[in-house]
Amino acid sequence: MAGDANSSDRRRFLQALGGAALAVAGCGSSCGSGRSAERRSDVGAVVAKGEPAHPTATEKPRVVVVRTKKSLTQGYDADRGALRTMLEAGLVALSGQKNTAAALARYVRPGERVGLKINGLAGRNAATHVELVDELSALLGKSDIDGEHQIAFDRFTSDLTASGYSSKPRGRGYRCVGNDEAGHEEELVQMPSSASRLSRVLTAQVDGVVNLPVLKQHMLSGMTGALKNNFGCIHNPNKMHIDNCDPYIAEVNAVPQIRSKQRLVIMDALRPVVDNGPSYQPGMGEVANLLLFATDLVAVDTVALGILEDLRGQRELPPLAKLGLAPTYLATSSKLGLGVSDRAGIEVITLDV
Amino acid sequence: MLSRRDFVLTCGGGGCALAAGVSAGSVLLAPGRALAKNAPRAFPARFWKKLPQKRIECGLCPKHCKVEDRERGFCGVRENRDGEYFTLVWGQPCAIHLDPIEKKPLFHFLPGSSAFSIATAGCNLECKCCQNWDISQSKPEDADFRFMPPDEVVRQAKDYGACVTFTYSEPIVFLEYCIDTAMAARKAGVRASMVTGGSGEAEPMQEVLKHLDAVKVDLKGFTEDYYQRMCKGKLEPVLKTLEVIRASGVWLELVHLCIPGQNDSEAEIRNMCRWVKGHLGADVPVHFTRFHPEYQMKNVAPTPNATLIRCREIAMAEGLHFVYTGNVPGLDGESTICPLCNKAVVVRRGFEMDELHIKNGRCEFCGNTIPGIWS
């Protein structure tokens, strides 16, 4: 008789996870473009030699919340100029650098191929704002990441199109492609509770990913943010929406090929969906005019959960836990070493621009 | 028409095949018209109801997925579009093979015949041991599907002199296609069968059973823990389905894939056999088949022959009349033994039938009725 399949799977998974973390932390010039003697912190920032990683293992992860009082959204269109200002402020504050170019250089290197993992499944009303991605793309362009090296992706090309993303290059800007078009790897990635094939965009077409989720209440997982956005990197998210998506969200994010490419999160909370998400329901979008910046996916989701609950409270909607929808996957993710889910352990910087 | 001999020659013996995956012992067919990838056609789905705010609740299986607009259920092949539910796999099989009926396995249903076997992408379970995970755990867009409407399936099956069999992935998730095809088959005098995990709701199951001649159900384990842990499903709805099938009069056989250390304890096997005898009757054939490491269980060794033999002994001791071993050609337990005279009335090896001693449904040696569909 063979041993317990589950515990054996778990062992292998954790071994792979540990190995990946070590590999990333100590990868030196073998990572990414490999052009310089640089190193990455365990997840997120690319750090020039001699500089401290951000965050280090002993520092609190930083989440920057940028808000504006300007009327950002008109219908579902957003003000590009205001977004640019918010992006620049957020990147500088997150990185601790003096300007946007230096800030971006912490996360992506010139010449690298950057994936822009948007959330495009709910249509124009509740997808990552195109204007936000356009403005980020322009900033990346100024940091020597050409448009042809930027790929916005999510599960289906049709979703991207419906959300306002063209499948053709946007001038000199980024390309947009659905996983259905790019395909998935043949090889299965084994997790303790499931198995998946990874998007070929993730595995073969990009060196690093900027995670651009939308903050939304989710009727199955409680909340969707940066962690859940990575369901768009696998072929079978439909198999992982049971049990409040726990432990599936955590396990997917622990997959080394996914985790090692997470460089930066910019969460679109311009108009979060506060209830009956993740699809758009009239009246459920609450204008908040917020962008959240982080490199710790668990931390940014933890902060975002607080924002979501506040917005729900303003509408006298019950806390998610009362609906049986507490995003327990945050604590599970933390247990897997993916980040910090304790609000007290997170440095939150709030900027008004 | 492809003769049995031609078929066996094409298969290279058939009996050497060990696994029960799509390709083992099969003739790959590629009829129908290839569709462009990424373009599954949407057809109106049945068995669902509307919920507020453009949500729907699927009623096909016990999961009762509540599906958001533009989203799909657990199976990945049924999609909510603006508050209406659609199937993306009707008429779009991604596996089309000619199999021996023994591969299903259906041992009391037209032995020695062929099964025109079709499957689409998708499944409402996720079994860690799935041998056809590449299609069952895929969305239509990820599978190399073809357009093959029911009439075409039946025409092809008839040309091959085969019955139509819905199999490999999970026919429940393409139930509308099954119903329409089985109806067309009956109209054309072609028999239809289904291989399923049995995780379906009663109403849709009763609907498809009206048009089927035989069903094989994978009774994957006999504890809720097993179904939850290993299949992302539940046992209880499967047991209900078995009773629905039995009550319908459609021929039923069961398979229990014995996975070492997971579902092969003596207590579990004994409980299962007692339930089968008590709720379905002693004449329902039960197959104990060998597990082959696949999908999420590549680290588990294949089932030892001794386990299969022991399971068979337990089942027979519990009073089941027709108990088989499977996926191990040559192992004792492949042939059908008359419970009255103890003589082999159907002699098999692997997917091959060597001798048939049943006439008009009776044992040629003693005249005892052998339950099944023999001609």
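These are my notebook entries on a few things I looked up in this structure, which is a predicted model.

**Entry 1**

I started with strands S4, S5 and S6 of chain B. They make an open sheet of three strands in the order S4-S5-S6, with antiparallel pairing. Which strands stand at the edges? I found S4 (48-50) and S6 (66-67) there; each has a single partner strand, so one side of each has no neighbour in the sheet.

Next I checked how S5 and S6 are held together. S5 covers residues 56-58 of chain B, and two bridges join this strand to S6(B). I picked out one pair: B:Glu57 has B:Lys66 in S6(B) as its bridge partner.

Then I looked at the loop between S5 and S6 of chain B, where B:His64 lies. I noted a positive phi for B:His64, near 45 degrees, and this residue is not a glycine. I wrote a reminder beside that one: most residues other than glycine have a negative phi.

**Entry 1: another sheet in chain B**

Further along chain B I came to S18, S19 and S20. They form an open sheet of three strands in the order S18-S19-S20, and the pairing is antiparallel. The edge strands here are S18 (336-337) and S20 (352-356) of chain B, each pairing on one side only.

How many bridges link S18(B) and S19(B)? I got two, in the antiparallel sense. B:Thr336 stands opposite B:Val346 in S19(B). These two strands make a hairpin with six residues between them. In its turn I found B:Asn342, with a positive phi of about 65 degrees.

I jotted down two facing pairs. B:Arg349 has B:Glu352 in S20(B) as its bridge partner, and B:Val347 stands opposite B:Glu355 in S20(B). This is a hairpin too, with two residues between S19(B) and S20(B). B:Gly350 sits in that turn, and its phi is positive, at about 60 degrees.

I moved on to helices H7 (residues 235-248) and H8 (residues 266-280) of chain B. Their axes come within 10 Å and cross at roughly 35 degrees. Is the crossing of H7(B) and H8(B) left-handed or right-handed? I have it down as right-handed.

Which residues make the contact? From H7(B) I listed B:Leu239, B:Leu242, B:Glu243 and B:Arg246. From H8(B) I listed B:Trp275, B:His279 and B:Leu280. Sorted by class, the contact has four nonpolar, one polar and two charged residues.

A:Pro247 is in the loop between helix H8 (226-229) and helix H9 (248-254) of chain A.

B:Pro105 lies in the loop between strand S9 (95-100) and strand S10 (114-119) of chain B.

**Entry 2: where the chains meet**

How many residues does each chain bring to the contact between B and A? I noted 37 from chain B and 42 from chain A. Between them, the chains bury about 3,100 Å², with 45% of that on carbon and sulfur atoms.

I looked for salt bridges across this interface and got two. For one salt bridge I wrote down the partners: the side chains of B:Glu71 and A:Arg155 meet at 3.4 Å, N to O.

**Entry 3: salt bridges over the whole structure**

Last, I searched everything. Over all chains there are 41 salt bridges. I followed up one of them, between A:Glu347 and A:Arg62, with the closest N and O atoms 3.1 Å apart. Why did I pick this pair? A:Glu347 is in strand S16 (residues 347-352) of chain A and A:Arg62 is in strand S3 (residues 62-67) of chain A, so the pair ties together parts 285 residues apart in sequence.

Key: Residues numbered from 1 in each chain as written. Chains lettered and ligands numbered in written order. Predicted model: local features only at pLDDT ≥ 70, side-chain atom pairs only at ≥ 80, totals over all residues. Heavy atoms only, no water. Pairing = 2+ DSSP bridges. Helix = DSSP H or I, 4+ residues; strand = E, 2+ residues; numbered from the N terminus. Axes fitted to C-alpha atoms, helices over the stretch in contact; angles between N-to-C directions. Left-handed = near helix turned anticlockwise from the far one by under 90°. Contact = heavy atoms within 4.5 Å. Nonpolar A, V, L, I, M, F, W, Y, C, P; charged D, E, K, R; others polar. Buried area = accessible area lost by both parts, 1.4 Å probe. Salt bridge = Lys/Arg side-chain N within 4 Å of Asp/Glu carboxyl O.
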